[in-house]
Amino acid sequence: MNLMHPTPATPDLGSKLAVKAPILDVHDVTVAYHRKPVLWDVDLTLTEPCLLGIIGPNGAGKSTLIKAMLGLVPLVSGSVRIFGQSVASERKRIGYVPQRESVDWDFPVSVLDVVLMGTYGSLGWFRRPGAGEKAWARQCLDMVGLRDLEGRQIGQLSGGQQQRTFLARAIAQQADLYFMDEPFAGVDAATEGAILALLVQLREQGKTVLVVHHDLRTVPVYFDQLALLNVRLIAAGATRSVFTEENLRKTYGGRLAVLDTLGQAVEAQVRTP
Amino acid sequence: MSEWLTYNSLIVLQGVTLLGACSGVIGCFAVLRRRSLVGDALAHSSLPGVCLAFLLVGEKHFWAMLLGAFLAGLIGLGIMAALKRWTRIKEDASIAIILSTFFGAGVVLRSLIQQMPLSGRSGLDSFIFGQTAGMIEEDVHLITALSAGTLAIVALCYKEFKLVAFDPEFAQVQGWPARLLDFALMLLLLGAVVIGLPAVGILLMAAMLIIPAAAARFWTRRLAWMLLISAGIGMASGIVGTYLSATQGVATGPCIILVAAGLFLLSLGFAPKRGVIAQQLARRRDRFRLETPLGAGEEPAP
């Protein structure tokens, strides 16, 4: 399926490679709420398109890291560059899936209305979405399997359907770099599979997707890159090399209940080819 | 009825119709952004501004009093924002503080004015309970123009306001000046309050914003329809309320609000799907359905 308009191929890759700006460059980022640091000196660089999982215990600053990268919370120090530019100048290339709880689902809008909001960025001031935008939004709804529900008020959806609505809105943005805050939270197994398939599809199109994630058992299966966060960045890199018991211990501390699952998760990774 | 329909009363009707539409539309955004109480605080905090304008200009100058109300409301807004930014006082507490402090100051100023040998003091009282009877044509033209301007801005920025009201963070990620748009909505709310004060009054203006919007929500699940229905309820309340006030010799504000409240009760009871009666019927239907085994499907949203 042709998911998105083709991204222009870079001609003469050899000579450009040396000067190619990283997709994402987070440098020395520190964020504090009421003088208490929630992120401390985080460095993260992505040079190749990937599916990056961000894991860590509650209060580790995972959502804050995403919001800091998007310019939604002020940085105490450090900088974020996207495709070598400031975040503000690259907004058209960024897609966002916020946490489901961040909006009022009783708001009087339909599923199609919400997905159309993904096209507002390219529409610009005062222009209303027309037939072209509606057709594109319906295509996005097709991809998440919600086409039949386009007229529903969003409060009448199940949790998984609400999550997929947000995902369709992000796809409608036609971005190159996606930030997703717990897209798998509170969805059933079938929906989780559908969402994952979509993320893989995005990566195959050369896009990069950052995902805040909770379920450690699925980490090695879902993500090729991984960042372990607990206020500081504990480790980041290929999932194969950083998803180790030692790193997990450093990230989650001595919580035994968690560590039990960790052992299983690492074992599972060893078993997967 | 025919003797009531003079040229002047037709002008007044035109004014309250547009102001009803204006507060109905702006009220929707206030209710959806959970700012109903902010509207109440803005209305109450306008009283000292109205009184000071009266003192400065000396006699009743309609536009000066509206300007005074606007500036006082703006100062109230600024203090609420500062309390939120610099202290740990919660929003509901800061709203209560601003509302009562400003209104108290306004009542004191009003008492002082009443001890002075000034003319036109009754114009001041019409701001408190709302009175269209004393309005002259220029006053109404000002209200009409400001209401029409507010409606035009909402029509122009409908897409932007909808996005910011629903998901301000997403709007910001997309590059919209979300804070600025939100502030614009706040200014329009203040504007709608000020426009409505002379006819509806300080005490009841918040109701004029909240009741039509809350009633409209019963009839529809789409924002555009909610705005239109709320505007319609605001208009109908304005027209019928003004008529009742003029013919029965009662203050205008309470008449308008009582008509709006009646329309709210109708909506609450009889609106399809979301009304109380429709919901009860649906519940009764569901009770029968529950006796048959549930089909496979996703669990409903919490």
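**Notebook: salt bridges and the A–B interface**

I looked up A:Asp106 and noted it as partly exposed, at 40% relative accessibility. The cut-offs I used are under 20% relative accessible area for buried, over 50% for exposed, and partly exposed in between (1.4 Å probe, protein chains only).

Conventions, for the record. This is a predicted model, in which local features need pLDDT of at least 70 and side-chain atom pairs count only at pLDDT 80 or more, while totals for chains, interfaces and linings use all residues. Residues are numbered from 1 along each chain as its sequence is written, chains are lettered from A and ligands numbered from 1 in the order in which they are written, and side-chain values use heavy atoms, with hydrogens and water left out.

**Entry 1: A:Asp106 and its partner**

I found that A:Asp106 and B:Arg274 meet in a salt bridge, 3.7 Å from N to O. The pair crosses between chains: A:Asp106 is in the loop between β6 and α3 (111–116) of chain A, and B:Arg274 is in the loop between α13 (252–270) and α14 (276–290) of chain B. For a salt bridge I required a side-chain nitrogen of Lys or Arg within 4 Å of a carboxyl oxygen of Asp or Glu. Helices (H or I, at least four residues) and strands (E, at least two) are DSSP runs, numbered from the N terminus. B:Arg274 is partly exposed, with a relative accessible area of 22%.

**Entry 2: the interface**

I noted 34 residues of chain B in contact with 46 residues of chain A, contact meaning heavy atoms within 4.5 Å. The buried area between the two chains is about 3,500 Å², and carbon and sulfur atoms give 58% of this. Buried area here is the accessible area (1.4 Å probe) that two parts lose on being put together, summed over both. I counted seven salt bridges between chain B and chain A. Which element gives the most to the side of chain B that touches chain A? That is α8(B), with seven residues. By class, this side of chain B has 18 nonpolar, three polar and 13 charged residues. Ala, Val, Leu, Ile, Met, Phe, Trp, Tyr, Cys and Pro count as nonpolar, Asp, Glu, Lys and Arg as charged, and the others, Gly among them, as polar.

**Entry 3: A:Arg91**

I placed A:Arg91 in the loop between β5 (85–86) and β6 (94–97) of chain A. A:Arg91 is buried yet has no salt bridge, and the nearest side chain of opposite charge, A:Glu90, is 10 Å away. For charge, Lys and Arg count as positive and Asp and Glu as negative; His and the chain ends are not counted. The side chain of A:Arg91 reaches the backbone oxygen of A:Leu70 at 3.4 Å. A polar atom of that side chain also lies 3.4 Å from the backbone oxygen of B:Gln172.

**Entry 4: salt bridges within a chain**

I found 20 salt bridges over all chains. A:Glu150 pairs with A:Arg138, with the closest N and O atoms 2.7 Å apart. A:Glu150 is buried at 19% relative accessible area, and A:Arg138 is partly exposed at 25%. In chain B, the side chains of B:Arg35 and B:Asp182 meet in a salt bridge at 2.7 Å, N to O. This pair links distant parts of the chain, 147 residues apart, with B:Asp182 in helix α10 (residues 178–200) of chain B. B:Arg35 is buried at 12% relative accessible area, and B:Asp182 is buried at 16%.

Terms used: Polar contact = N/O pair within 3.5 Å; in protein donor to acceptor, adjacent residues only side chain to side chain.
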